Amino acid sequence: MRITTQILTNTSREAGIPLVQGGLLDALNKENTSVDLLEELNKSQDAKSASALQKVFRELRNASDDLRKRASELLETGENSLFGKAEETKDTEKILSGVKDMISSYNKTLELLKGADGSLNSFYYKELKSAAAANEEQLKSVGVTLNKDGSLSIDEKILGNADYDTLKKVFGDESKFVQRAEYISDKVSQNAKANEESIFNQYNAKGISYSDYSGENKYNFFG
């Protein structure tokens, strides 16, 4: 609220205190403006922080959804599945492409989990690394190496030379690694979505709109 000359005069008269209006009025209004500005700046910072955090969880949800999708494609059975279509010809081109896509999504999800807050995300980070570590030798047999940070690297030559049966054993419907990655990625996605919604609800309840800082419509946070 801006303090006017009339307000100050009335208050002074009631209190019986002589008033030098100019200096005090200016000072009070400056102080009042500073408080209002500080409140707005704090809201702005809260909004930006919430937007940045919400973005992290959105990216994590998208990456884990993609990992789940890639894993599901490799685990799928039937004549229209990746392995089903190649069973007769033994042409591994599309299988190899699917494997590379899955490993890329695995690495992206792992990276985002490492940087995300929350005990559940820390747990899923360890679980995802553990899924690869438990199958390290099998993965290595087709040129997929487990790095110290839990990420996976591909030796294109070794992987490209792997035959159909070997690829199916390592990445097909009975693959423990792919099964585990699919399961964990689903849990990661659910948790990331819950975190997104929690952030939105908390800051929305405070009356703070941060859609201007997120670059998105505030009613489309989860699209």
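Student: What makes Phe 177 count as buried?

Tutor: Buried means under 20% relative accessible area, exposed over 50%, partly exposed in between (1.4 Å probe, protein chains only). Phe 177 has a relative accessible area of 1%, so Phe 177 is buried. One caution: this is a predicted model, where local features need pLDDT of at least 70, side-chain atom pairs count only at pLDDT 80 or more, and totals for chains, interfaces and linings use all residues. Residues are numbered from 1 along each chain as its sequence is written, and side-chain values use heavy atoms, with hydrogens and water left out.

Student: Why is the pair of Phe 177 and Tyr 106 called edge-to-face?

Tutor: Rings of Phe, Tyr and Trp (its six-membered ring) pair if their centres lie within 6.5 Å; planes under 30 degrees apart count as stacked, over 60 as edge-to-face and the rest as tilted. Here we've got 5.8 Å centre to centre and 65° between the planes, an edge-to-face pair. Tyr 106 is in helix α4 (residues 93-115) and Phe 177 in helix α9 (residues 176-205), so the pair ties together parts 71 residues apart in sequence. Helices here are DSSP runs (H or I, at least four residues), numbered from the N terminus.

Student: How do you know whether Tyr 106 is buried or exposed?

Tutor: Its relative accessible area is 0%, so Tyr 106 is buried.

Student: How many aromatic pairs does that rule give?

Tutor: The count is 3. Another of them is Phe 83 with Tyr 164, edge-to-face at 5.9 Å centre to centre and 70° between the planes. Phe 83 sits in helix α3 (residues 82-86) and Tyr 164 in helix α8 (residues 164-171), so that pair links parts 81 residues apart in sequence. Both Phe 83 and Tyr 164 are buried.

Student: What puts the buried residues of α8 on the same side?

Tutor: Those residues are Tyr 164, Leu 167, Val 170 and Phe 171. They span an arc of only 135° around the axis, which places them on the same side of α8. That arc is taken from the directions from the helix axis to the C-beta atoms. On the face turned away from the buried side, α8 carries the exposed residues Asp 165 and Lys 169.

Student: Which stretches have a pLDDT under 50?

Tutor: pLDDT is the predictor's confidence in each residue, from 0 to 100. The protein averages 80, and 69% of the residues score at least 70. Residues 15-21 stay under 50, with 9 contacts (heavy atoms within 4.5 Å) beyond four places in sequence. Residues 210-223 are also below 50, with 32 contacts beyond near neighbours in sequence.

Definitions and conventions:
Helices (H or I, at least four residues) and strands (E, at least two) are DSSP runs, numbered from the N terminus.
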